[in-house]
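Subject: Structure handover

Hello,

Here is the structure I said I would pass on. Please look through it first, then read the notes on salt bridges below.

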Amino acid sequence: MAEQPAAPAAYDDLRAVFVNCTLKRSPELSHTQGLMDRSIALMRSQGVTVDDIRFIDHDVATGVYPDMREHGWASDAWPDEIWPLIDAADILVVGGPLWLGDNASITRKLIERLYAMSGLFNDKGQYVYYGKTGGAIITGNEDGVKHAAMSILYSLQHIGFTIPPAADAGWIGAIGPGPSYLDPGSGGPESDFTNRNTTFMTWNLLHTARRLKDAGGIPAYGNLRQAWNNGERWGYDANPEYR
């Protein structure tokens, strides 16, 4: 067998954060975590600094403001415990389970809190998520992996994340009641399809984050909110002359 080529770049200056949106509090077994751990291990093998969060373990308030303590909630772990890790990361991977063929409630709660920060700006004056890349991991024992990943990845790109090709991975068992990913005999950890997609997703996240970081992020031309408010249109003609 021919010797495998080395990775095309170094990734040890990158940071990633994996947010597990399981409905189960620690230390209860999370099948989603089992699959996420495969991607985490691969990133760490390349020197990436990885933070791993089980979202439900934190007292995060529900809402779409940066700090819900300013909107009637007695406590909110989001601004102090969760947001600093996401803000510092080059890569965000959202993982979660399927229930009734769709993302679980905790996944939607995370998306809402990510959206709450989307009005902030980075050092260039762009929306705060510009220059970050995102992916999705889904597990369950019913259909819906692609649907759930589609919802997550659409939401991430809409608020400014860059989504690589093949940026999702997942595993489902037989439709209906049955073994979950980490259960003995499930076939999940041995699934070549899942293992391939998880590997491709992980490397595509690394490659995209590397390119974005080396390029200084997304060019700050044609996407600055304050400049638009001040009248800049970057060549856009609101009243084209049709002939």
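A residue counts as buried when its relative accessible area is under 20%, and as exposed when that area is over 50%; partly exposed lies in between. Please keep in mind that this is a predicted model.

By the cut-off for buried, R210 qualifies, because its relative accessible area is 9%. R210 sits in helix α5, which covers residues 192-214.

Side chains of opposite charge can pair when their charged atoms come close. The structure contains seven salt bridges. One of them joins D13 to R210, with 2.6 Å between the closest N and O atoms. D13 belongs to the segment before β1 (15-20), so this pair ties together parts 197 residues apart in sequence. D13 itself is partly exposed, at 37% relative accessibility.

R210 also forms a salt bridge with D214, where the closest N and O atoms are 2.9 Å apart. These two residues are four apart in helix α5, which means that about one helical turn separates them. D214 is exposed, at 56% relative accessibility. Salt bridges link D13, R210 and D214 in a network.

Another salt bridge is formed by R15 and D51, whose closest N and O atoms are 2.9 Å apart. R15 is in strand β1 and D51 in strand β2 (residues 49-54), so the pair links distant parts of the chain, 36 residues apart. R15 is partly exposed, with a relative accessible area of 30%, whereas D51 is buried, at 19%.

Regards

Terms used: Residues are numbered from 1 along each chain as its sequence is written. This is a predicted model: local features need pLDDT of at least 70, side-chain atom pairs count only at pLDDT 80 or more; totals for chains, interfaces and linings use all residues. Side-chain values use heavy atoms; hydrogens and water are left out. A salt bridge is a side-chain nitrogen of Lys or Arg within 4 Å of a carboxyl oxygen of Asp or Glu. Buried means under 20% relative accessible area, exposed over 50%, partly exposed in between (1.4 Å probe, protein chains only).
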